[in-house]
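Me: I'm new to reading protein models. Could you walk me through one?

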Amino acid sequence: MTDARTRTYTWQDPAQTLERARNLSGLEYLRAMARGELPGPPIAAVLGMAWPAPEDFSEGRAVFRLTPREDLYNPIGSVHGGVYATLLDSAVGCAVQTTLPAGVGYTTLELKVNYVRPLRVGGPEVQAVGQVVASTRRTAVAEGRLVDEAGKVYAYASTTCLILRP
């Protein structure tokens, strides 16, 4: 093939970041990454996500951004649905994380994504906005929307997370 393309990316060892994060609340941890004090997660490099600014994380809310690229395409010529799901999972999961004290973690129990319209190269940057809906000692529920600058919805999601207390 004469039109082959190559993409290279780098990341840092996530184990080092997790070790340093044990004494930070979820919100402090995410904002430290946003300020560049801690490296972001490797998945951000894989997808080419624009790492959020500190103000993109607040109590119960998280925002992630992505510009559509051809290396994210599925066989039918649009951004793969798994990319949408990963962006939305990041936003809703991190929204939950912003509510957790130091030493407390979470894991996704379920994620439901509804796809509304395709993303293609040349299309707008989108942002996945996650918001906590409800939280108890053991579980949290959050919702997210993948939208462009004009507010056009590309997908929306809901999640239930299990809160992991020591």
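Me: Where is the place of Thr-98?

Reply: Helices (H or I, at least four residues) and strands (E, at least two) are DSSP runs, numbered from the N terminus. Here, Thr-98 sits in the loop between α4 (81–97) and β3 (105–115). Keep in mind that this is a predicted model, where local features need pLDDT of at least 70, side-chain atom pairs count only at pLDDT 80 or more, and totals for chains, interfaces and linings use all residues. Residues are numbered from 1 along each chain as its sequence is written, and side-chain values use heavy atoms, with hydrogens and water left out.

Me: Is Thr-98 buried or exposed?

Reply: Buried means under 20% relative accessible area, exposed over 50%, and partly exposed in between (1.4 Å probe, protein chains only). Thr-98 has 2%, so it's buried. Across the protein, 39% of the 166 residues count as buried.

Me: Which residues does Thr-98 touch?

Reply: Contact means heavy atoms within 4.5 Å. Leaving out residues up to four places away in sequence, Thr-98 touches Gly-26, Leu-27, Leu-30, Phe-57, Ser-58, Glu-59, Gly-60 and Arg-61. Its side chain also reaches the backbone oxygen of Ala-95, at 2.6 Å.

Me: How many helices and strands does the protein have?

Reply: There are four helices and six strands, and along the sequence they run α-α-α-β-β-α-β-β-β-β. The radius of gyration, taken over C-alpha atoms, is compared with the globule rule, 2.2 Å times the number of residues to the power 0.38. The protein's value is 16 Å, close to the 15 Å that the rule gives for 166 residues, so it is as compact as a globular protein of that length.

Technical notes:
A polar contact is a pair of N or O atoms within 3.5 Å; within protein, one must be able to donate a hydrogen and the other to accept it, and residues adjacent in sequence count only if both atoms are side-chain atoms.
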